[in-house]
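The following exercises concern a single predicted model. Please work through each task before reading its solution.

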Amino acid sequence: MDDRPTVAELEQRWNNALLITQAAVTRQPGVYRELKCLVVDIITKPLDIKEYLPTAEKLVGLLRTLDPNGHGSIFYFFNDRIAPSSIWDATWLRLECKDLLAHLKVFDEWRLKTCGLKVVR
């Protein structure tokens, strides 16, 4: 018997994660903006090795603030991946942040599609 989830189950999990992420962002939009800014800084700016641990801890703190009880949001899934105890090589932090930012961009696009608001230029 195959224990792998079906495509429909995976899609349902992703939709649930998006809804839970939306609820977290709605509760704390400022923390979400701070998280995105920090992630972009980590990706685009040099990070001194002395700043690695405090930066990673701050990042994990923001992720935990957004999903403190581990309800299955995008923040929850990246919490363990970015924790300093999980990344034994500091160069992996930038890669994990790129992946997190890609997930957040997909989330932001989904949010724009589902909220019914239009951008006026």
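**Exercise 1. Placing Val-39**

In which helix is Val-39 found? Determine also its burial and its contacts.

Solution. Residues are numbered from 1 along each chain as its sequence is written. Because the model is predicted, local features need pLDDT of at least 70 and side-chain atom pairs count only at pLDDT 80 or more, while totals for chains, interfaces and linings use all residues; side-chain values use heavy atoms, with hydrogens and water left out.

Step 1. Val-39 is found in helix H2; helices (H or I, at least four residues) are DSSP runs numbered from the N terminus.

Step 2. Val-39 counts as buried because its relative accessibility is 0% (buried means under 20% relative accessible area, exposed over 50%, partly exposed in between, with a 1.4 Å probe and protein chains only).

Step 3. With residues up to four places away in sequence set aside, Val-39 touches Leu-59, Cys-97, Leu-100 and Leu-101 (contact means heavy atoms within 4.5 Å).

Step 4. Thr-114 lies 75 residues from Val-39 along the chain, and the C-alpha atoms of the two are separated by 25 Å.

**Exercise 2. The nonpolar core**

How many residues does the largest nonpolar core have? Identify the elements that contribute to it.

Solution. Step 1. The largest nonpolar core has 30 residues (a nonpolar core is a set of buried Ala, Val, Leu, Ile, Met, Phe, Trp, Tyr and Cys residues joined through side-chain atoms within 4.5 Å). The residues with the most contacts inside this core are Leu-35, Val-39, Leu-59, Phe-75, Ile-82, Leu-93 and Leu-100.

Step 1. Two or more residues of this core come from each of helix H1 (7-27), H2, helix H3 (49-66), helix H4 (74-82) and helix H5 (91-115).

Step 2. Beyond four places in sequence, the contacts of Ile-82 include Ala-56, Leu-59, Val-60, Leu-63, Leu-93 and Leu-100.

**Exercise 3. Aromatic pairs of Tyr-32**

What are the geometries of the pairs that Tyr-32 forms with Phe-75 and with Phe-107?

Solution. Step 1. The structure holds four aromatic pairs (rings of Phe, Tyr and Trp, its six-membered ring, pair if their centres lie within 6.5 Å; planes under 30 degrees apart count as stacked, over 60 as edge-to-face and the rest as tilted).

Step 1. The rings of Tyr-32 and Phe-75 are edge-to-face, because their planes stand at 70°, with centres 6.0 Å apart. This pair links distant parts of the chain, Tyr-32 in helix H2 and Phe-75 in helix H4, 43 residues apart.

Step 2. Tyr-32 counts as buried at 3% relative accessibility, and Phe-75 counts as buried at 0%.

Step 3. The rings of Tyr-32 and Phe-107 have planes at 85° and centres 5.9 Å apart, so this pair is edge-to-face. It links Tyr-32 in helix H2 to Phe-107 in helix H5, 75 residues apart.

Step 4. Phe-107 is buried, with a relative accessible area of 0%. Tyr-32, Phe-75, Phe-107 and Trp-110 form one aromatic cluster.
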